[in-house]
Amino acid sequence: MKNADYLTGITTSGTPHLGNYVGAIRPAVETSKNNTLVSYYFLADYHSLIKNHDPSLRKQSALEIAAAWIALGLDYDNCVFYRQSDIPEILELTWILTSLTAKGLMNRAHAYKAAVAQNEGEEQNDPDKGIAMGLFSYPILMAADILMFNARKVPVGKDQVQHLEMTRDIAARFNHIYKKLFILPEVVVDETSAVLSGLDGRKMSKSYHNYIPLFDTQKQLRKLIMKIQTNSLGPDEPKDPETCTLFSIYKAFASQTETQKMADRYRQGISWGTMKQELFEYIDDILKEPRQRYVELIKNPSDIDAILKKGAIKAREFSVPFLEKIRKTIGIQSLG
Ligand code: TRP
């Protein structure tokens with residue numbers, strides 16, 4: 001197996017939603033089919049340990065996310081699709097990297113800093129309250145995910161850009177201290193892939209509880225779309241597409257021509273009821289077939305296990321010998 005041209009991880013917490021689809025799944029599915037590229041996609045189940053302490057939720061989320069990616073057309077034979085926890089080499093590399101990562105670098109991580117800032121605003125004023133070492137060193141685990149496969153490009157959301165900078169710092173430090181083994185990965189923030197708005201108009205996200213799950217029933221999908229907040233303009237009044245959540249969701253799925261036409265209908269005055277119904281029909285049409293595949297897959301978790309195990313075998317064709325090389329480089333080797 002070759003090193004990764006593209007690599008990205010998906011934390012296994014929560015249920016896959018429409019925002020995940022347009023932001024991460026859809027572009028990854030496209031890349032997975034490209035047979036001139038080696039792309040790695042994995043379920044970051046060790047990352048999910050930090051926030052979620054419920055074993056059954058973690059397992060359920062891994063099942064749902066894997067099923068969603070497969071149902072939406074991931075070409076798992078052409079790419080490398082696996083669970084992080086099936087690759088023990090990643091954890092070994094995590095410790096090796098932890099040993100040379102500056103604590104000061106981790107102090108600067110946004111997620112950690114935000115947690116400390118929140119604590120400091122509270123009465124007891126204990127900056128460490130509720131902060132696990134896992135949260136603190138999360139960027140090192142992420143660096144190990146990436147460096148284990150010497151990935152060249154890492155597509156992520158904007159919130160992950162800092163982690164990629166840290167990964168490059170860590171890789172450079174290893175290369176400097178020992179030997180140049182690691183490629184410094186490039187971050188790819190796809191500006192064209194859409195950031196979806198959720199039910200309340202803020203970014204669709206599991207932390208805001210404003211998301212539309214990808215594979216709820218058709219009835220539930222319709223119900224949620226009907227709930228999306230709009231303003232109080234009457235049925236025939238002209239409306240502004242650019243500030244409308246319904247329109248932004250439509251735009252993330254429709255072609256340019258369709259989007260243009262819809263924008264014109266907004267300016268002429270389309271009623272919210274009509275728009276919601278059309279948006280529902282449009283999305284439902286796209287999700288109908290994947291939804292059927294998803295339902296079947298969820299019923300057969302052992303098929304998903306088998307796909308992931310095959311992926312892990314492919315991934316380890318790279319990670320096992322590469323870790324061996326890393327161990328030798330740092331002097332963890334036979335004594336002879
Ligand atoms: N931290 C990423 C997120 O929350 C998920 C992730 C874990 C990841 N390991 C990775 C992304 C390695 C890219 C590469 O979105």
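**H2 and H12**

I looked up how H2 and H12 sit, and they are roughly perpendicular to each other (65 to 115 degrees counts as that). The model is a predicted one, where local features need pLDDT of at least 70, side-chain atom pairs count only at pLDDT 80 or more, and totals for chains, interfaces and linings use all residues. Residues are numbered from 1 along each chain as its sequence is written, and side-chain values use heavy atoms, with hydrogens and water left out.

The axes of H2 (residues 55-71) and H12 (residues 301-330) come within 10 Å and cross at roughly 75 degrees. Axes here are lines fitted to C-alpha atoms, for helices over the stretch in contact, and angles run from 0 to 180 degrees between N-to-C directions. Helices are DSSP runs (H or I, at least four residues), strands are too (E, at least two), and both are numbered from the N terminus.

Which residues meet? On the H2 side I found Leu63, Ala66, Ala67 and Ile70, and on the H12 side Pro301, Ile304, Ile307 and Leu308. Contact means heavy atoms within 4.5 Å. I sorted this contact into eight nonpolar residues, no polar and no charged. Nonpolar covers Ala, Val, Leu, Ile, Met, Phe, Trp, Tyr, Cys and Pro, charged covers Asp, Glu, Lys and Arg, and the others, Gly among them, are polar.

**H9 and H11**

Next I checked H9 (residues 245-253) and H11 (residues 272-299), which pack at an angle of about 30 degrees with axes 10 Å apart. They are therefore roughly parallel to each other (under 35 degrees). In H9, Leu246, Phe247, Ile249, Tyr250 and Phe253 do the meeting; their partners in H11 include Trp272, Lys276 and Ile286. This contact divides into 11 nonpolar, no polar and one charged.

**Helix H5**

In H5 (residues 110-120) I noted Tyr112, Ala115, Val116 and Asn119 as buried (under 20% relative accessible area; exposed is over 50%, partly exposed in between, with a 1.4 Å probe and protein chains only). Down the axis these residues fall within an arc of 95 degrees, so they line one face of H5; the arc is that of the directions from the helix axis to the C-beta atoms. They pack against H4 (103-107) and H6 (133-147). The face turned away carries exposed His110 and Gln118.

**Valine 38**

Is valine 38 buried or exposed? At 16% relative accessibility, I count valine 38 as buried. I found valine 38 in the loop between H1 (18-32) and S2 (39-44). Methionine 1 is 37 residues from valine 38 in sequence and 8.8 Å away in space, C-alpha to C-alpha.

Notes
Parallel < 35°, antiparallel > 145°, perpendicular 65-115°, else oblique.
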